[in-house]
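Here are a few notes from a colleague, meant to be read with the structure open beside you.

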Number of protein chains: 2
Amino acid sequence: MIGSTPIYADYNATTPVDEEVLEEMLPFLRKRFGNASSSHLLGKQARQAVDEARRRVAAAIGCGPNEIIFTSGGSESNNLAIKGVAFKNKERGRHIITSTIEHPSVLNPCRYLEDRGFDVTYLPVDEYGLVSVEDLSNAIQDETVLITIMHANNEVGTIEPISEVGRLAKELGIYFHTDAAQSLGKIPVDVGELGVDLLTIAGHKLYAPKGVGALYVRAGTRLEPLIHGAAHEFGLRAGTEAVASIVALGKACEMAEDGLDLLSLRLTKFRERLFQLLLMGAPGLRLNGHPADHLPNTLNIGFPGVTGAVLLKNTPEVAASPGSACHADATEISPVLSAMGVAQEYALGAIRLSLGKYTTEDEIDVIADALCTSYIRLLDGDLRKANN
Amino acid sequence: MIGSTPIYADYNATTPVDEEVLEEMLPFLRKRFGNASSSHLLGKQARQAVDEARRRVAAAIGCGPNEIIFTSGGSESNNLAIKGVAFKNKERGRHIITSTIEHPSVLNPCRYLEDRGFDVTYLPVDEYGLVSVEDLSNAIQDETVLITIMHANNEVGTIEPISEVGRLAKELGIYFHTDAAQSLGKIPVDVGELGVDLLTIAGHKLYAPKGVGALYVRAGTRLEPLIHGAAHEFGLRAGTEAVASIVALGKACEMAEDGLDLLSLRLTKFRERLFQLLLMGAPGLRLNGHPADHLPNTLNIGFPGVTGAVLLKNTPEVAASPGSACHADATEISPVLSAMGVAQEYALGAIRLSLGKYTTEDEIDVIADALCTSYIRLLDGDLRKANN
């Protein structure tokens, strides 16, 4: 804790809005409040701003502006991609391939489709959280219409072999979607290099506000809308454009792209320092995740002998997540760590530390010190209790 | 025009964000940026803010906080209500009743359901845009599972007999949804008095930002989610809560409720003045809409002999909408005016003037003068052209 504010190490849960992003969006919450569908001056200003944001988002991931659909966030984008492709192309086949470590907003649309006559293969992952391209290749059927594999895992940061899957999918003419909510702004994301047809973007993971996102939809992809109504977003997503939030997303994507190399280097250094300090400060810790193919900012550590929630409760200096951020106060083992076969004591004691562009070296040192101190105090307490 | 900014008379298309609303939301775009699902201090602050906003929205429409689902806006709320009830209750029946003058985000989900085995009755309206409760009663079948009729029409402002429909629906055990995007903040909206099971709220129509809305879902209503994922919003709408926008919606609903009587009186007076000035200033104008049962802020006027778009183009001093705001530069006759049987020349020449809480008496005078001057100039020009 620096002052009375905990040190924020939960950037994978959400990021602050960048001050420059906020400055760009504020005029659209004040004087420039027009509806982008209105034909008068205020409407035209709004339309121009939405168009410019679309160009910026497109430029950040290497696609055309007409391939960007603005949504309310990552969950909606995932739903639109998965249900949209499945329903629109069901005459081509009703089989979908995904993995066991996807975000709930991928897994639950898949389960929903299973109830509606679709067949879903949930690929296992190895101990590091990696999907095997060979497994995936073996799972493909004539009926396979969609593959959806996340770019990087939100809990352990493991980066999946998306380009390899993309080549395979392209070869076989199968639609391929990736959830890039956690990767954009942390590692390079180029839809051409990844070979994806659909890609999910979540604003609040990259310094834009909550409640805005986008879906990349490769030109020619057959997609059914999720929200029907007026002809916004090329007829694929009805609803008055959230102009201010869309402007913010555009600016955030531009900044993410511009600052990527430097940020990545700094976070890689910080993460390594944090990892080493933790290993030195407390006995028996273990990395949950891939030792090399991981996001530069994400460190999931198993603290044996405690639960992550209790450790964090006893470390009010640090704001981080036990297990996945989407389930507050959950005490059950994270499905991601389960799928990786992480031993129970490292899974129960898992903490996700996720760093971001406002993280400082001083904060790294305080985080490590605070966590190790609490951890050892908890272990000692338990040991004393056990000895009584 | 006052200075170089047109006078805004398009509040039904969208409203500015109220300065007090913006002040309440800004901290959540700055320091209080937590994810409401996080268990640390920042997360708890966010959760409290969302809970408080939920109480405020609920209080504004007379329901319990647990009956409010936050969404990305009116279109999503309408989709969630209509598809959600239809799919979840299809074993009870597959017939839906709506009207011909609904918003596209009601009509298009109905058409979508028609493609999926549902049967939809589109009730006609009279010359004033009113649905007949008798027609509705006659349309009810054993199979009818949902009635969806808007509270007030966005284009002409006609207020539908929702309470009467509500009594009928309740008596017969049929789910009843109303789109209150245009009524909340303009006339009293109480879910008990209206007798509705579901009610749509759109933030940007009542001085909150674009990209946030809510759906009232009466406790016990069986509803299928539209966006599947983590267990946000009582399991009915996945996606990280857009905390700042939700806070804004809460404040805006509170302010709407508090200021309703005074605002309604003022707008009624302004609308009447505007109507009288237009009638005095230009020959042959006609009201499109109901002479009595209308929103206090909405005035749809037919200017015979011109098109609304051309008239507005020649009146840059006024920002208003030709036909419905959802279709920029549309020249075809509005489906709402068509459904009302408005004669072609009054429909083509229709302009919607919609006033709001920042409208002043001076503006009313300028709007009337500017429109009448342009209109007469256009008519003269046409007459001269015709005489050559």
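1. A charge sits over a ring if NZ of Lys or CZ of Arg is within 6 Å of the ring centre and within 35 degrees of the ring normal. By that rule, Lys357(A) lies over the face of Tyr207(A), 4.4 Å from the ring centre. In chain B, you will find Arg286(B) over the face of Tyr346(B), at 5.3 Å from the ring centre. Please keep in mind that this is a predicted model.

2. Now for the two chains. Chain B superposes on chain A by a rotation of 180° with 0.0 Å of shift along the axis, and the RMSD is 0.0 Å. That is how copies related by a two-fold axis are arranged. If you want a residue of chain B to look at beside the axis, take Ser72(B): its C-alpha comes closest, at 3.0 Å. Both copies use the same surface, as 100% of the contact residues of chain B recur in chain A.

3. How much area is buried between chain B and chain A? The value is about 4,600 Å², with carbon and sulfur atoms giving 61% of it. Each side is well represented by count: 60 residues come from chain B and 60 residues from chain A. Between the chains there are 2 salt bridges. Glu224(A) and Arg116(B) form a salt bridge, with their closest N and O atoms 2.9 Å apart.

4. Over all chains, the whole structure holds 14 aromatic pairs. Take Tyr8(A) and Phe33(B): the ring centres are 4.7 Å apart and the planes stand at 80°, so this pair is edge-to-face. Tyr8(A) belongs to strand 1 (residues 7–8) of chain A, while Phe33(B) is in the loop between helix 1 (19–25) and helix 2 (41–61) of chain B, so the pair joins two chains. Tyr8(A) and Phe33(B) are both buried. They also belong to one aromatic cluster with Tyr11(A), Tyr207(A) and Tyr358(A). Tyr207(A) is the ring that has Lys357(A) over its face.

5. Another edge-to-face pair is formed by Phe303(A) and Tyr375(A), with 5.0 Å from centre to centre and 70° between the planes. Phe303(A) is in the loop between strand 10 (298–302) and helix 9 (308–313), and Tyr375(A) is in helix 12 (residues 361–387), so distant parts of chain A, 72 residues apart, are linked. Phe303(A) is buried, at 0% relative accessibility, and Tyr375(A) is buried at 1%.

6. Which salt bridge ties together parts of chain A that are 194 residues apart in sequence? Arg47(A) and Glu241(A) do this, their side chains meeting at 2.9 Å, N to O. Arg47(A) lies in helix 2, and Glu241(A) in the loop between strand 8 (213–217) and helix 8 (243–281). Arg47(A) is partly exposed, at 26% relative accessibility, whereas Glu241(A) is buried, at 4%.

7. Arg218(A) and Asp197(A) also meet in a salt bridge, at 3.1 Å, N to O. Arg218(A) is partly exposed at 29%, and Asp197(A) is buried at 13%.

8. Last, a bridge within one helix. Glu52(B) and Arg55(B) form a salt bridge, the closest N and O atoms being 3.0 Å apart. The two are 3 residues apart in helix 2 of chain B, which means about one helical turn between them. Glu52(B) is partly exposed at 32%, and so is Arg55(B) at 45%.

Note on methods:
Residues are numbered from 1 along each chain as its sequence is written. Chains are lettered from A and ligands numbered from 1 in the order in which they are written. Side-chain values use heavy atoms; hydrogens and water are left out. Copies are superposed by least squares on the C-alpha atoms of residues with pLDDT of at least 70 in both. Contact means heavy atoms within 4.5 Å. Rings of Phe, Tyr and Trp (its six-membered ring) pair if their centres lie within 6.5 Å; planes under 30 degrees apart count as stacked, over 60 as edge-to-face and the rest as tilted. Helices (H or I, at least four residues) and strands (E, at least two) are DSSP runs, numbered from the N terminus. Buried means under 20% relative accessible area, exposed over 50%, partly exposed in between (1.4 Å probe, protein chains only). Buried area is the accessible area (1.4 Å probe) that two parts lose on being put together, summed over both. A salt bridge is a side-chain nitrogen of Lys or Arg within 4 Å of a carboxyl oxygen of Asp or Glu.
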